[in-house]
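Please keep the sequence and the three-dimensional view at hand while reading.

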Amino acid sequence: MSTHLSEEDARNADILIWIDGRLTPRAEATVSVYDSGFLLGDGMWEGLRLYEGYWAFIDEHLDRLFGSCFAVGIDIGLDRAGVKAALEATRQANGMHDGAHARLMVTRGIKDKPFQHPSLSRSGATLVIIMEHSAARPADARGTALVTVPQVRGTPMAQDAKYNSHSKLNCVLACLQAERAGGDEALMLDPHGFVNTTNACNFFIVRRGQIWTSTGDYCMNGVTRQKVIDLCREHGIPVFERNYSLFDASTADEAFLTGTFGAQTPVATLDGLRLGRARERASADEAPPVLPGPVTTHVRALYREALAEDRARQRLRSNGRGTDR
Ligand SMILES: Cc1ncc(COP(=O)(O)O)c(C=O)c1O
């Protein structure tokens with residue numbers, strides 16, 4: 001069971017997809033087989049979530065998108081207002097207000113020949129927005145089953161994990177390894193063997209009231225990850241970005257994943273061990289801990305407040321400046 005499951009919604013069969021300024025019915029929405037994204041995974045993307053008409057933490061997402069594209073020499077072809085306008089046009093065309101998710105993708109564009117060199121991409125970037133009705137269905141009661149996998153997220157000089165690039169083979173391999181071992185998602189270590197991240201989300205543990213996450217050196221610089229860290233600091237919850245091992249993770253009181261799609265998703269088991277049980281003698285007929293745990297629940301409440309504040313900020317800005325939202 002993926003952490004990116006949402007309620008089935010028949011309306012998604014008829015969504016309109018933004019492709020370079022055109023809104024195209026899903027069944028006809030295609031890009032060229034010469035596209036850099038298709039040929040090489042040469043592109044960057046953002047996953048965005050819509051709450052009450054506003055894209056959550058849109059500025060942080062656009063900072064990451066524009067930064068990544070700048071660093072690899074992809075000219076998006078639009079400024080920030082242009083990207084926001086594309087999102088807004090797609091949102092309106094699909095009549096979405098809440099419970100929607102967008103995958104906004106920018107590739108280096110169509111190539112003259114099916115080879116790697118970036119200079120062969122001459123026609124400008126391809127921008128695609130897939131926007132789906134997506135009421136999140138976090139695996140709350142059951143929780144996510146994580147499995148530690150051999151695939152690591154490597155060093156920045158191999159492929160910096162901070163690029164949200166189209167080429168996700170590293171993460172896909174990890175996900176396959178987890179799935180074959182009966183897990184929902186893969187827990188990936190860093191090159192030194194410390195607990196790092198999962199194949200699609202960032203990872204946090206709770207130990208004796210403290211929240212720990214990896215140093216951040218080898219994982220996606222998740223917008224939700226940073227929000228959780230900032231909120232903990234703001235509200236006096238001890239939070240540490242540090243090295244820690246599978247011992248610390250498997251003896252944690254709680255653990256949760258973060259990502260724009262699912263916000264904070266509770267973890268039930270790690271490598272078959274039920275979390276939150278390390279301080280007790282495990283007995284087979286005992287009821288499992290109720291998920292999400294108390295600290296995860298607190299963080300979620302703070303996150304919901306932060307989302308509302310972000311919406312209020314965006315609303316104020318759009319009232320002042322017309323259509324920029
Ligand atoms: C590998 C990976 N980790 C973590 C995340 C979560 O990032 P965010 O909180 O910005 O959605 C993503 C989302 O794209 C991801 O692809």
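Is strand β10 (residues 202-207) largely enclosed by the rest of the structure or exposed, and why? The model under discussion is predicted. In strand β10, 6 of the 6 residues are buried, and the strand is therefore largely enclosed by the rest of the structure. The points below begin with this strand and then turn to the open sheet, the ligand and some individual residues.

**Strand β10 and its partners**

- Both faces of β10 are covered: Asn202, Phe204 and Val206 are buried on one side, and Phe203, Ile205 and Arg207 are buried on the other.
- Strand β10 pairs with strand β13 (residues 254-259) in the antiparallel sense, through 5 bridges. Within this pairing, isoleucine 205 stands opposite alanine 255 of β13.
- Strand β10 also pairs with strand β11 (residues 210-213), again in the antiparallel sense, over 4 bridges. Here valine 206 stands opposite isoleucine 211 of β11.
- The hairpin of β10 and β11 has 2 residues between the strands, and arginine 208 in this hairpin takes a positive phi near 45°.
- Arginine 208 is a residue other than glycine with a positive phi value, and its place is in the loop between β10 and β11.
- Is arginine 208 buried or exposed? Arginine 208 has a relative accessibility of 64%, so it counts as exposed.

**A second hairpin**

- Strand β8 (residues 185-189) and strand β9 (residues 195-198) pair in the antiparallel sense over 3 bridges.
- Leucine 189 stands opposite valine 195 in β9.
- The hairpin formed by β8 and β9 has 5 residues between the strands, and glycine 193 in its turn has a positive phi of about 95°.

**The open sheet and the helices across it**

- An open sheet is formed by 6 strands in the order β2-β1-β6-β5-β3-β4, with antiparallel pairing. Its edge strands are β2 (22-25) and β4 (54-55), each of which pairs on one side only.
- Strand β1 (residues 16-19) and strand β6 (residues 126-133) run antiparallel and are joined by 2 bridges. Isoleucine 19 stands opposite valine 128 in β6.
- Helix α2 (residues 58-71) lies across β3 (43-51), β4 and β5 (100-107), and runs at about 175° to β3.
- Helix α3 (residues 80-93) lies across β1, β2, β3, β4, β5 and β6, and runs at about 40° to β6.

**The ligand and its surroundings**

- Which residues come nearest to the ligand? Of the 16 residues around the ligand, the nearest are Arg64, Lys168, Val223, Thr224 and Thr260.
- Helices α2 and α6 (223-234) each supply at least two residues of the shell around the ligand.
- An N or O atom in the side chain of asparagine 164 is 3.3 Å from an oxygen atom of the ligand.
- In valine 223, a backbone N or O atom lies 2.8 Å from an oxygen atom of the ligand.
- In threonine 260, a polar side-chain atom lies 2.6 Å from an oxygen atom of the ligand. On its own, the ligand has 390 Å² of accessible area, of which the protein covers 95%.

**Individual residues in loops**

- Phenylalanine 57 has a positive phi of about 50°, although it is not a glycine. Its place is in the loop between β4 and α2.
- Is phenylalanine 57 buried or exposed? Phenylalanine 57 has a relative accessible area of 2%, which means that it is buried.
- Arginine 122 lies in the loop between β5 and β6. With a relative accessible area of 58%, arginine 122 is exposed.
- When neighbours within four places in sequence are left aside, arginine 122 is in contact with Ile110 and Asp112.
- Arginine 122 and tyrosine 54 are 68 residues apart in sequence, and their C-alpha atoms are 34 Å apart in space.
- Leucine 291 and proline 292 are joined by a cis peptide bond, with omega of about -5°. Proline 292 lies in the loop between β15 (273-274) and α8 (294-321).

Note on methods:
Residues numbered from 1 in each chain as written. Predicted model: local features only at pLDDT ≥ 70, side-chain atom pairs only at ≥ 80, totals over all residues. Heavy atoms only, no water. Pairing = 2+ DSSP bridges. Contact = heavy atoms within 4.5 Å. Axes fitted to C-alpha atoms, helices over the stretch in contact; angles between N-to-C directions. Buried < 20%, exposed > 50% of the residue type's maximum accessible area, 1.4 Å probe, protein only. Near = heavy atom within 4 Å. Polar contact = N/O pair within 3.5 Å; in protein donor to acceptor, adjacent residues only side chain to side chain. Areas by Shrake-Rupley, 256 points an atom, 1.4 Å probe, with all protein chains shown as cover.
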